[in-house]
Amino acid sequence: MLICKSIRFKYDNLPEFIIPDISLKGGEELLILGRSGSGKTTILNILGGLLKPLGGEVLINGTSLYALTGNVLDKFRGKNIGIVFQKPHIISALSVVENLRLAHFFAGSDNLKLVDTYLAELGITDKKNASVHTLSEGEAQRVSIARALVNGPKVILADEPTASLDDENAQTVIQLLQSQAKKLNAVLVIVTHDQRVKAHISNRITVGGPL
Ligand SMILES: Nc1ncnc2c1ncn2[C@@H]1O[C@H](COP(=O)(O)OP(=O)(O)OP(=O)(O)O)[C@@H](O)[C@H]1O
């Protein structure tokens, strides 16, 4: 369960952002739409424990994210939040499977069987030992999703996951995010300016930028 209430945020050089209250149960989805510069990534980073707001609360299954600090926050994030970034954040010097094992390691998990499960579910088993730099963009984005999901997060956050993909890959990626979120009974939040995603998620809000 993800609750975000009375969040206030501003960068030094900009007016305060309007950040809507959000309340989502496991299995529910939200699409946050907005033009470039409207603060979508900022909101996602706040929901993901990466950017501390000036005020307000982000609650994940009852835990107030920003009441945690340092290592405790990092561990909580690794266990409960999976983030898919616009450009796949995977380490190009490592193979696909090494990237996934690393994510596992950082979350303090030792259930390596899940790595193979996710590779199979995302259709990239045959790329298991491939170097990341040899993957197509669609494949790299699927590895990035597998990495975000491998610890069975309660909240999945995706920042422009389809921005650099063609129509077919964009649809595959959205459907994979949705099916995996349902399976984990996780909250799924996608931020994007990509109008194609609207066809897949009916619960949506539009953000308008700084006040
Ligand atoms: N670290 C920062 N310091 C100062 N201003 C920032 C910082 N990060 C983002 N901004 C500004 O805040 C505004 C919102 O940025 P943000 O990246 O959240 O928007 P966005 O909607 O995700 O944009 P895009 O769709 O182009 O990725 C922009 O005007 C941006 O220039």
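**Close-up views of the predicted model**

**View 1. The shell around the ligand.** By class, the shell around the ligand holds two nonpolar, nine polar and one charged residues (Ala, Val, Leu, Ile, Met, Phe, Trp, Tyr, Cys and Pro count as nonpolar, Asp, Glu, Lys and Arg as charged, and the others, Gly among them, as polar). Its members are Tyr-11, Asn-13, Leu-14, Gly-34, Ser-36, Gly-37, Ser-38, Gly-39, Lys-40, Thr-41, Thr-42 and His-193, near meaning a C-beta atom, placed from the backbone, within 6 Å. Numbering starts from 1 along each chain as its sequence is written. The model is predicted: local features need pLDDT of at least 70, side-chain atom pairs count only at pLDDT 80 or more, and totals for chains, interfaces and linings use all residues.

**View 2. Helix H5 and its surroundings.** Helix H5 covers residues 137–149 (helices are DSSP runs of H or I with at least four residues, strands runs of E with at least two, numbered from the N terminus). Because 11 of its 13 residues are buried, H5 is largely enclosed by the rest of the structure (buried: 20 or more other C-beta atoms within 10 Å of a residue's own, placed from the backbone). The buried residues include Glu-139, Arg-142 and Leu-149. Their cover includes strand S7 (81–84) and helix H6 (167–184) (contact: C-beta atoms, placed from the backbone, within 7 Å).

**View 3. The open sheet.** Five strands form an open sheet in the order S7-S8-S9-S4-S10, with parallel pairing (strands pair if DSSP finds at least two bridges between them). The edge strands, S7 and S10 (204–206), each pair on one side only. Five bridges join S8 to S9 (residues 187–192), and Ile-156 stands opposite Leu-188 in S9.

Methods
The expected span of a helix is 1.5 Å times one less than its number of residues. A residue is buried if 20 or more other C-beta atoms lie within 10 Å of its own, exposed if 12 or fewer, and partly exposed in between; C-beta atoms are placed from the backbone. Two residues are in contact if their C-beta atoms, placed from the backbone, lie within 7 Å.
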